[in-house]
Amino acid sequence: MTALEPRPAAAFISLPSFGPATDPLDVIGWALRTHPDVTMPSAFNLNGVVLLDLAAKAGYGGEVVFVDTGYHFPETLATRERLAARYPELTFVTLNAGASPDDGQTPGNLYAADPDACCAVRKVAPLQRYLKEKGPSALLNARSRDQASTRTDIPFVEDGSVDKGGTRRKINPLAYWTRDMLEAYAAEHGLPVNPLYFDGFLSIGCWPCTRAVRPGEDARAGRWAGKGKTECGLWEGDGKL
Ligand code: SF4
């Protein structure tokens with residue numbers, strides 16, 4: 001089967017009886033058996049680093065796909081390098097590699113004037129193009145319910161956008177893990193967490209659109225703060241994966 005052909009319906013028939021206490025490793029194991037072509041986008045936040053480690057432990061040997069918007073913090077790019085060194089069995093792919101604020105992909109301060117448009121060009125489009133080309137039947141995703149009020153109903157498995165005749169699943173093994181559980185896991189296993197996290201940047205995107213979280217705010221409150229925007233467009237909206 002080529003990447004352009006619809007996915008066989010059989011791959012989407014049975015869902016296991018996962019519950020809130022299901023071990024993420026069991027979810028990942030199911031994902032690897034059911035969707036051998038599963039792939040993993042990542043921005044290397046705390047959730048993403050934990051998922052990456054769990055996936056590697058479960059036997060995932062595929063790609064870790066990062067989109068370089070041109071506006072990432074140096075600490076994020078350094079975290080990516082540390083992870084690539086730690087998990088040589090995984091293939092780290094950078095889309096839009098070499099992007100920079102003055103590369104002409106977007107007008108100078110589009111991130112301030114129209115952040116949806118900026119994300120659409122610099123983040124969503126490169127990943128959409130890549131996934132269209134590769135055609136994976138599922139994505140491993142690191143979102144969790146307690147990250148934001150907009151994510152409180154994330155299931156372990158959700159059927160995503162229709163793409164070239166097939167339905168791409170999003171598999172969220174960390175859906176029920178709390179920030180405390182993620183931090184404990186990262187500490188126990190010595191994972192290379194982005195150092196900005198420990199300065200209050202609990203969710204880290206591009207530097208013009210990310211600030212540290214204040215006491216009492218949810219983990220994603222520092223993303224596009226004051227702009228009425230909560231998602232980049234990969235997981236919500238018309239262009240969601
Ligand atoms: S997070 Fe900000 S800088 Fe990054 S792509 Fe979106 S709008 Fe542009």
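**Entry 1: the overall layout**

I read the elements of the protein chain from the N terminus on and wrote down α-β-α-β-α-β-α-α-β-β-β-α. That comes to six helices and six strands. A reminder to myself: this is a predicted model.

Next I looked up burial for the protein chain, and 37% of its 241 residues count as buried. I also checked the contacts with a separation of 6 or more, and residues 24 or more positions apart account for 72% of them.

**Entry 2: helix α2**

I then listed the buried residues of α2: L46, N47, G48, V49, V50, L51, L52, L54 and A55. They pack against helices α1 (24–34), α3 (74–86) and α6, and against strands β1 (40–41), β2 (63–67) and β4 (138–140).

**Entry 3: the nonpolar core**

Which members of the largest nonpolar core touch the most other members? Of its 49 residues, I noted I28, A31, V50, L51, A55, L140 and I171. At least two residues of this core come from each of α1, α2, β2, α5 and β4. Helix α2 gives the most, with seven residues. I jotted a general remark beside this: in soluble globular proteins, nonpolar side chains tend to be buried together.

Not counting residues up to four places away in sequence, L140 touches I28, A31, V38, M40, L51, A55 and I171.

**Entry 4: around the ligand**

I counted the shell next, and 13 residues surround the ligand. The closest are P115, C118, C119, C206 and C209. Which element gives the most to this shell? It is helix α5 (residues 115–134), with five residues. By type, I sorted the shell into nine nonpolar, two polar and two charged residues.

**Entry 5: C232**

I looked up the UniProt record, an unreviewed entry, and its annotation "active site" covers C232. In the model, C232 lies in the segment after α6. Is C232 buried or exposed? I found 27 other C-beta atoms within 10 Å of C232, and the cut-off for buried is 20 or more, so C232 is buried.

Leaving aside neighbours within four places in sequence, C232 is in contact with C119, K123, V124 and G205. One of these, C119, I had already written down among the residues closest to the ligand.

N96 has a positive phi of about 60°, and W224 has a positive phi near 50°.

Where do they sit? N96 lies in the loop between β3 (91–95) and α4 (110–113), while W224 lies in the segment after α6 (179–188). I checked burial for each. N96 has 20 other C-beta atoms within 10 Å, so N96 is buried. W224 has 22 other C-beta atoms within 10 Å, so W224 is buried.

Technical notes
Residues are numbered from 1 along each chain as its sequence is written. This is a predicted model: local features need pLDDT of at least 70, side-chain atom pairs count only at pLDDT 80 or more; totals for chains, interfaces and linings use all residues. Helices (H or I, at least four residues) and strands (E, at least two) are DSSP runs, numbered from the N terminus. A residue is buried if 20 or more other C-beta atoms lie within 10 Å of its own, exposed if 12 or fewer, and partly exposed in between; C-beta atoms are placed from the backbone. A residue is near a molecule or strand if its C-beta atom, placed from the backbone, lies within 6 Å of it. Ala, Val, Leu, Ile, Met, Phe, Trp, Tyr, Cys and Pro count as nonpolar, Asp, Glu, Lys and Arg as charged, and the others, Gly among them, as polar. UniProt positions are given in the numbering used here, feature names are shortened, and annotations may be inferred rather than shown by experiment. Two residues are in contact if their C-beta atoms, placed from the backbone, lie within 7 Å. A nonpolar core is a set of buried Ala, Val, Leu, Ile, Met, Phe, Trp, Tyr and Cys residues joined through C-beta atoms within 7 Å.
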